[in-house]
Amino acid sequence: MKSWTTWFEIPATDIGRAKKFYDTIFQMEVRLMDFGGLKMGMFPHTGVAGALCQHESYQPSETKGVLVYLEANPDLNEVLDRVEAAGGRIIKPKTQISPEYGYMALFVDSEGNRMALHSNA
C-alpha cells in the first residue's frame, strides 16, 4: 500500500531550542542547515523525512493546522516521559486508539506546536 506521507515540516521560532527539545525527547541528533534565511533541522530518517523550520513564514500553533504523529515505538511513554523536562507540555496522555491501531498521545513542543506520538504498544 502507498504511504501518503513523504515530508513534514514543524514550525520553529528558535531553531536551536527546537533542536534541543527534539534531540532530548527522541534521544537522537537533528542536523541543522541554513538555506539563506530558511533554517532547517533535519530529522534522521530512512523513509519519510521531516524537518524543523525557522522562517518568518512558519508560525507554530497549538490549535490550528495539521497534526503530525511521530513514531515512538516500542512504547510512546518512553518519549512522552521526556517531554516536560525538555520544555514541552503533555496535553493528552497515552491513550489506546484500538487494539489494532495501537496508542497515541498529544503534547505541545518547545515552540508551541501541538504534536502527537504513536506506538503499537
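I began with the side chain of Ser98, and found that one of its polar atoms lies 3.1 Å from the backbone nitrogen of Tyr101; a polar contact is a pair of N or O atoms within 3.5 Å, where within protein one must be able to donate a hydrogen and the other to accept it, and residues adjacent in sequence count only if both atoms are side-chain atoms. I note that this is a predicted model, in which local features need pLDDT of at least 70, side-chain atom pairs count only at pLDDT 80 or more, and totals for chains, interfaces and linings use all residues. Residues are numbered from 1 along each chain as its sequence is written, and side-chain values use heavy atoms, with hydrogens and water left out.

Next I asked where Ser98 is placed. Ser98 belongs to strand S6, residues 89-98 (strands are DSSP runs of E, at least two residues, numbered from the N terminus).

Is Ser98 buried or exposed? Ser98 is buried, because its relative accessible area is 18% and buried means under 20%, exposed over 50% and partly exposed in between, with a 1.4 Å probe and protein chains only. Ile97, also found in strand S6, counts as partly exposed at 44%.

Leaving aside neighbours within four places in sequence, I found Ile97 in contact (heavy atoms within 4.5 Å) with Gly102, Tyr103, Met104 and His118.

Finally I followed S6 to strand S7, residues 102-108, which runs antiparallel to S6 and is joined to S6 by 6 bridges; two strands pair if DSSP finds at least two bridges between them. A hairpin of 3 residues connects S6 to S7, and Gln96 stands opposite Tyr103 in S7.

Note on methods. Helices (H or I, at least four residues) and strands (E, at least two) are DSSP runs, numbered from the N terminus.
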